[in-house]
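The structure is shown first, and the discussion follows.

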Amino acid sequence: MLLLFLYFLITCLCDFADANLQDITSGDPPYNICTNSNNYATDSPFENNLYNLLGVLSLNASVTKSSSFYTGDDSDRVYGLHMCFNYNYTTYVDCKNCIATTASQHIFRDCPNEKEAIVWEDSCLLRYSSEDFIGKLDVTGNIPKANSQNVSDPESYRSVVNRTLSTLTMQAAYNPVNNMSATGVESFTKTETLYALVQCTRDLSGDDCSSCLQTATREILSCCYFLRGARVHSRSCFLRYELYDFVNGASESSVSSGNQAKGKGKCMPQFQHKNLLK
């Protein structure tokens, strides 16, 4: 455990200067939730356990895109999980870097000395708590984000998105081969194609995964169905859809501007051990 602690600490210190130079645009990741209600003391057993936990999750991320772990005893025990979003271009090296460097640094920076925190990056989420949340569905505090461009036929688009996400939810939740993740492609118009990804943390049951993704789908479609793309960051799952192939690394700029409907829309949300290596 001491070696894991030292490894993680050295990694963070070596990369921290570079992380401070990153230009994080307002509205872009990282997104975080800090409890602001229960703090741990510097150099306490809880802090040491937290470093050990993050060291283990960082190592796990080099071989799996989702894992959970806990360490410590009694009031100093800390539970945690990581999930890297299952984009086709994301390697295990990318996953490890997102957890060990980017997410870990942001969670300490944005939620200092908090006993419970979660951070979402562009390609991963990292969560820890003094309370045992592993295997428990949690859809409180979901964070919806949406593209600012409208679609030309909102009602038809809503139907296509809902159908696609519902199909992918079933595939992710109930097909063990998929490891709680699924991607899909669906035609929208003659010139536009919908690309979608849904994913759950692997500590969940199939039913809980389905419930999380259904909740996320309802929330995003209740506020943002008229927008070209959107995503929901949840404690227990993640979904995203766009009119460009983000799953394989395409960017929105690669889509012809001629396919974009004019005007902007705003997403107004109406809502606010178990070591699982696979």
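Are C223 and C224 buried or exposed? Both residues are buried in this predicted model.

## The pair C223 and C224

The sulfur atoms of C223 and C224 lie 2.5 Å apart, and the two residues form a disulfide. The torsion about its S-S bond is -80 degrees, and the link is left-handed.

## Further disulfides

In total, six disulfides are present in the structure. One of them joins C84 to C95, with an S to S distance of 2.0 Å. Its S-S torsion of 90 degrees makes the link right-handed. Because C84 belongs to strand β3 (residues 78-84) and C95 to helix α3 (residues 92-110), this pair ties together parts that are eleven residues apart in sequence. C84 has a relative accessible area of 0% and is buried; C95, at 1%, also counts as buried.

A disulfide also connects C200 and C209, with an S to S distance of 2.1 Å. The torsion about the S-S bond of C200 and C209 is about 85 degrees, and therefore this disulfide is right-handed. C200 is buried at 1% relative accessibility, and C209 is buried at 0% relative accessible area.

## Helix α4 and its surroundings

Helix α4 spans residues 154-174, which amounts to 21 residues. From first C-alpha to last, the helix reaches 30 Å, close to the 30 Å expected at 1.5 Å a residue.

The buried residues of α4 include Y157, V160, V161, T164, L165 and L168. T169, A172 and A173 are buried in α4 as well. Among the elements that cover these buried residues are β7 (181-187), β8 (193-200), α5 (206-224) and β10 (237-242).

Conventions:
Residues numbered from 1 in each chain as written. Predicted model: local features only at pLDDT ≥ 70, side-chain atom pairs only at ≥ 80, totals over all residues. Heavy atoms only, no water. Helix = DSSP H or I, 4+ residues; strand = E, 2+ residues; numbered from the N terminus. Expected span 1.5 Å × (residues − 1). Buried < 20%, exposed > 50% of the residue type's maximum accessible area, 1.4 Å probe, protein only. Contact = heavy atoms within 4.5 Å. Disulfide = S-S within 2.5 Å.
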